[in-house]
Amino acid sequence: MILTRKATRSGLLLLAVGALVGLAPLVADARAPQRTSAISEVRPTLEPTYDHPEAERATLYVGKGQCEALVRDNPELRVVFETTTLNLRSDDFVGGVYRYDQERGASTQVNCDRSERCIRLSDERYEREERRITARIPFREFSGLNSAADCESEVDENRYVQVLVRTAAGGDWSVAEARVLIDLVRPEPPELLDAFATEYSVRVELEPSASDDARASFLVYSSSPIEADTLPTASGLTIRPLEMVGSDRGTASGLSLEGGAELYIGLAARDHAGNYSFVSEAQQVRVARTQTFWDLYREAGGAEEGGYGCQATGQGGAPSPLFFVVLLGLVAFFLRSAVGKPERAPAKVGRK
Amino acid sequence: MMTLKTKASLFLCFALLTLGLSQSAFAEQDRTRGMMEFKLGPYLPAVDSEFGGDGPYAQFFGDRSMLSGEFQLDFHLWQGIGKLSLGTHVGYGRVQGRLRTEDGEVLEGAERVSFRTIPLRTSLVYRFDYGAMRYGIPLVPVVKAGLDYHLWRVSTPDGETAESGDGARAAGGRAGWHATAGLHLHLNVIDRRSAAAFAHNWGIKNTYFFGEYTLSRIDGFGSAGIDLSDNHWAVGLAFEF
């Protein structure tokens with residue numbers, strides 16, 4: 001059969017569209033957990049909580065701050081998959097629950113129906129209800145971290161729990177996933193280029209952190225020199241978030257610094273798993289003394305000293321008694337007015 | 001021995017108390033009870049008058065005046081040819097300037113110093129609305145005069161009250177007086193149907209748009225200290241109930 005040009009073009013177009021539609025449930029953000037419309041909600045949790053950064057998009061973060069406690073306590077990772085349409089008790093619709101890991105930055109989509117890297121969870125690791133599947137995996141088994149020494153390793157990977165579902169018996173499997181991002185690598189700190197401090201704020205110019213997972217920058221300061229490889233949470237250091245203007249300027253405000261004091265100022269970054277970098281090389285900065293309008297007024301010889309009173313003001317003086325007498329009189333007047341005139345008794349109407 | 005100021009203050013206090021307790025005697029024939037006013041206008045306190053002109057206010061804030069808003073509530077004392085009322089006002093104004101170093105360099109960025117005032121006033125108000133009520137003439141002249149007490153405060157970028165090196169705190173109050181003349185435009189004549197609905201639903205019998213000019217002397221009656229006086233205009237809306 002000879003295909004016409006028009007038929008060929010139409011056919012190829014239909015094929016491309018069909019491929020895209022068919023792949024749609026599996027195509028997602030390369031680093032984000034995969035989703036399917038058959039599963040309405042995916043919730044990974046660790047009970048009790050370990051001060052994780054807030055979970056988002058079916059992702060839980062584990063950083064160095066939580067690692068030792070998690071390895072020590074070995075809590076259960078619980079992943080709940082919920083649906084409003086399927087009967088998850090039926091094997092017609094559920095193909096199994098799996099886990100697998102992937103290095104951070106990998107973009108390959110994994111479908112455990114076909115991939116050999118997946119490990120199928122045994123039946124005792126998950127419960128099936130009509131509208132819910134709950135997987136429970138001890139943290140050490142899930143993460144591969146078994147001791148405090150493992151928390152000092154350079155692990156930076158994504159680990160997934162995946163469920164295979166389909167909407168019709170015999171149909172294709174689609175997947176829903178939860179992700180646990182285990183990041184035990186500290187980010188690089190930003191480089192401090194310049195700093196200017198007043199009693200109320202510090203403004204910095206910086207070179208951003210070289211780490212692609214750095215999410216926030218912080219100002220770190222101390223009255224003593226800051227040694228290399230010091231964490232910003234160390235004793236004697238004060239850490240404040242930087243409000244960034246662009247990528248290379250930031251301000252930490254709401255401070256209470258002493259004008260004229262010498263400070264040592266550095267920067268730190270924090271990544272999406274809550275890991276702080278070490279403090280950058282610090283600079284010594286003198287806090288500039290500043291002037292307010294009040295300082296200018298007093299230096300110019302202004303007679304006002306503050307305080308409350310009807311005539312000459314005194315420092316910290318209380319309002320004069322006359323002020324209260326007038327105020328009470330006004331209150332009496334306006335209360336009287338607001339209450340209104342008194343009601344008159346209705347006139348009696350007698351019978352004729 | 002009592003000074004003239006003390007005698008005047010005591011008299012005013014007595015008058016207020018008397019009026020407050022016997023207000024109903026004046027109100028029996030009233031068809032309206034009082035007035036609410038909302039107004040806005042610039043306010044540039046005469047802080048630099050203490051220094052002969054170019055002083056710390058101009059140096060720090062430049063020629064920026066405060067945008068001052070004020071609410072006034074009056075109750076009618078007498079209604080005949082016009083209305084005589086006693087009013088109380090409360091307002092708010094603020095101006096901000098950037099922090100500067102000791103060398104006078106203005107610091108760019110978000111750090112600002114605020115200078116705030118809260119004017120408290122009481123006024124005798126006379127409205128000549130006889131023409132508006134009787135003959136539909138939409139213009140109503142108004143005059144006011146009374147006593148003021150203005151609260152003021154200078155705050156640092158962290159929201160705290162500023163303090164000078166000698167420990168003087170930048171917060172206090174200053175007393176004074178004011179006199180105002182204004183012209184109100186009676187809006188009921190423009191849309192009588194809406195005015196009737198307003199009266200029926202909200203009890204607002206008359207609505208005005210107005211402009212007024214105020215002379216205020218807030219200098220502690222000539223005593224030493226910060227001068228918050230200003231001659232300023234304002235515009236606003238008034239609702240008679």
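Which residue of β11(A) is the bridge partner of A:Ala195? In this predicted model, the partner turns out to be A:Val204. A few ground rules first: residues are numbered from 1 along each chain as its sequence is written, with chains lettered from A and ligands numbered from 1 in the order in which they are written. Local features need pLDDT of at least 70, side-chain atom pairs count only at pLDDT 80 or more, and totals for chains, interfaces and linings use all residues, while side-chain values use heavy atoms, with hydrogens and water left out.

On the overall make-up, chain A comes to five helices and 18 strands, whereas chain B has five helices and nine strands. Helices here are DSSP runs of H or I with at least four residues, and strands are runs of E with at least two, both numbered from the N terminus. Walking along the sequence of chain B gives the pattern α-α-β-α-β-β-β-β-α-β-β-α-β-β. Of the 352 residues in chain A, 44% are buried; for the 241 residues of chain B, the figure is 46%. Buried means under 20% relative accessible area, exposed means over 50%, and partly exposed is in between, using a 1.4 Å probe and protein chains only.

As for contacts (heavy atoms within 4.5 Å), chain A has 68% of those with a separation of 6 or more coming from residues 24 or more positions apart. In chain B, 68% of the contacts between residues at least 6 apart join residues at least 24 apart. Chain A exposes about 19,300 Å², with carbon and sulfur atoms supplying 50% of that. The accessible surface of chain B is about 11,500 Å², and 63% of it belongs to carbon and sulfur atoms. These areas come from the Shrake-Rupley method with a 1.4 Å probe, and for residues only the protein chains shown count as cover.

Now for the sheets of chain A. Eight strands make an open, mixed sheet in the order β13-β12-β16-β17-β10-β11-β15-β14. Two strands are taken to pair if DSSP finds at least two bridges between them. At the edges stand β13 (238-241) and β14 (243-245), each with a single partner strand, so one side of each has no neighbour in the sheet. Ignoring direction, neighbouring strands of this sheet are turned by 30° against each other on average; the axes are lines fitted to C-alpha atoms, for helices over the stretch in contact, and angles run from 0 to 180 degrees between N-to-C directions.

Within that sheet, the opening pair belongs to β10 (residues 191-198) and β11 (residues 201-207) of chain A, which are antiparallel over six bridges. A hairpin of two residues links β10(A) to β11(A). On to the next pairing: β11(A) runs antiparallel to β15 (residues 249-253) of chain A, with five bridges between them, and A:Arg203 sits opposite A:Thr251 in β15(A). Elsewhere in the sheet, β12 (residues 214-222) and β16 (residues 262-271) of chain A are antiparallel and joined by eight bridges. Here A:Ser222 has A:Tyr264 in β16(A) as its bridge partner.

Another open sheet in chain A has four strands in the order β1-β3-β7-β6, with antiparallel pairing. Its edge strands, β1 (41-47) and β6 (126-128), each pair on one side only. The twist from one strand to the next averages 15°. Seven bridges connect β3 (residues 76-82) of chain A to β7 (residues 132-138) of chain A, again in the antiparallel sense, with A:Phe81 opposite A:Ile133 in β7(A).

That leaves the disulfides. A search of the whole structure turns up two over all chains, a disulfide being a pair of cysteine sulfur atoms within 2.5 Å. One joins A:Cys67 to A:Cys151, with an S to S distance of 2.0 Å, and is left-handed, at -80° about the S-S bond. Because A:Cys67 lies in helix α2 (residues 64-73) of chain A and A:Cys151 in the loop between α3 (139-143) and β8 (156-165) of chain A, the pair ties together parts 84 residues apart in sequence. A:Cys67 is buried at a relative accessible area of 0%, and A:Cys151 is buried at 2%.

A:Cys112 and A:Cys118 form a disulfide too, their sulfur atoms 2.0 Å apart. This link is left-handed, with -75° about the S-S bond. A:Cys112 counts as buried at 5% relative accessibility, and so does A:Cys118 at 13%. With the bonded cysteines of chain A numbered in sequence order, the pairing reads 1-4, 2-3.
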